[in-house]
Amino acid sequence: MHPILIIGAGPVGLTMAAELMRYGVPVRLVDQSPEPSRTSKALVVWSRTLELIDRMGCTGAFLDAGLQAHRAAIRSGASVLGRTGFDDISSPYNFALMIPQCDTERLLHDHLIALGGAVEREVALTGFAQTPSGVLATLRHADGREETVDTPWLIGCDGAHSAVRHGLGLPFDGSAEGGDWILADVRLEGEGKPPADEIAPYLHDDGPFAVFPMPSGRARIVAAVGKVDSAQQRSQPTLDDVQRLIEERAGGGFRATDPVWLANFRINERKVADYRVGRVFLAGDSAHVHSPAGGQGMNTGMQDAFNLAWKLALVVRGEARDILLDSYSEERSKVGDGVLRNAKLMTDMATLSSPIALAARNLALRMMLGLHAVQHRMATTMSEIDIHYASSSLSEGKRAGRRLDPKFYSGAPPGSGPAPRWALFAANVEQATAFASRFGGFLEPAPRAPGDPDCLLIVRPDGYIGFSGDRDDWAEAERYLANIAVTDIVGNASGQP
């Protein structure tokens, strides 16, 4: 079997490679940069991503390296407009894990190495062409040598300037937000600084200002600094610039010291329409880029990888029909639309300039954030546990497409093993075991927590419900699986062998 070729060894490419290798699928992961990222970049790993990392088997390393933030407080100067707590998020990981992207990449790389994988650096994709059975890709090495690779599938995880996306000729529709932002990773001193386990966005007439906690006693400051000509190059921010923003927008009371990273950035909001073209896939920033508001970008990309990896593994292993792969773009493109929409909404709300609009926004936030239902909704949206695939072609039944709440099952989460197995939850254990056996290793009966609803569920390897029915809907369950699995079906529809 020729390895699947993955372009780009950031968090998305590393996740993709590690998941495919966990499932026994050979991969080749290349990156044109000479070394891994050394800067913090994306800073938060949300609850849903941690649940999926749990299936990989390396969550412990992430928890050890990160800092847990348990709330977000929206502020205006020294006053708090409202707080959203994360403690009641329905997840084993009911917090935001603050961890620099360089550490996320390091941990994923360590996990990949433990699985027998590797990253080939200073290797660039210069072109590719699809064939009926795969993709012929041309790679250029650091010494100028060119190599032609025959791969069954090509996956572009190579960022906003993706060579894979350019090679496909896909439009990257959207726009650039017309303003500059600054970023500073610093230490904060003073009694007025936000708590170390709290995300603190400040709203101000001159633009948003936010403080994000980081491990090792550091914090990240992000602030909008005005609209500029896109052709104009703004000078690098200084520590004095950062302190001035603290005084102007956060009411002072604390100071920034010991900077390790000061940078400017601009926001782009763009997305492709389709994440799959034949035997080529796009994931992460190669498919979608957006405002950093909400910290969803890296999480969305990693979840792209989780979604595609198990589907591709089943097809490569000859256990599922190729049509399964069509659901990747169908599901993840819709999620990308939602993330783009929400991030733009948050950015637009934070950058209002009209005094009347600003006053109305602050009043509305004070009122709404005092309601527990609003706080809970914000927390579940930020944590991404409410992402669903209800409209997917893989979803059948009233609960289908929803994430299976961890409270529903006992033991390891579905999809934790070395193969991308679907899980069957049924009231009658013997009947479930007999039914699952007729699908070989494709389907496994799973233990459920006592007292849960008496229903029949077939859960995908990524923990989302594929089929939802009543306790005796065995014929419908069989028909559902027959449309996906290549496994021969024997016996009758009652679940008995």
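Reader: Before we start, what should I know about the model?

Author: It's predicted, so local features need pLDDT of at least 70 and side-chain atom pairs count only at pLDDT 80 or more, while totals for chains, interfaces and linings use all residues. Residues are numbered from 1 along each chain as its sequence is written, and side-chain values use heavy atoms, with hydrogens and water left out.

Reader: What is pLDDT, and what is its mean for the protein chain?

Author: pLDDT is the predictor's confidence in each residue, from 0 to 100. Here the chain's mean is 90, and 90% of its residues reach 70 or more. Over residues 489–497, though, the pLDDT is below 50. Where pLDDT is low, the predicted coordinates should not be read in detail.

Reader: Okay, salt bridges next. How many salt bridges are there?

Author: Side chains of opposite charge can pair when their charged atoms come close. The rule asks for a side-chain nitrogen of Lys or Arg within 4 Å of a carboxyl oxygen of Asp or Glu. That gives 29 salt bridges in this model. Take Arg83 and Glu198: their closest N and O atoms are 3.0 Å apart. Arg83 sits in strand β6 (residues 79–85) and Glu198 in strand β14 (residues 198–202), so the pair ties together parts 115 residues apart in sequence. Strands are DSSP runs of E, at least two residues long, and helices are runs of H or I, at least four, numbered from the N terminus.

Reader: Is Glu198 buried or exposed?

Author: Buried means under 20% relative accessible area, exposed means over 50%, and partly exposed is in between (1.4 Å probe, protein chains only). Glu198 has 2%, so Glu198 counts as buried.

Reader: Which residues does the network with Arg460 and Asp462 join?

Author: Start with the pair itself: the side chains of Asp462 and Arg460 meet at 2.9 Å, N to O. Salt bridges that share partners then join Lys311, Glu331, Arg460 and Asp462 into one network. Asp462 is buried at 4%, and Arg460 is buried at 1%.

Reader: Which residues of helix α11 are buried?

Author: In α11 (residues 429–437), they are Gln431, Ala432, Ala434, Phe435 and Ala436. The elements covering them include β21 (422–425), β22 (443–445) and α12 (474–482), going by contacts, meaning heavy atoms within 4.5 Å.
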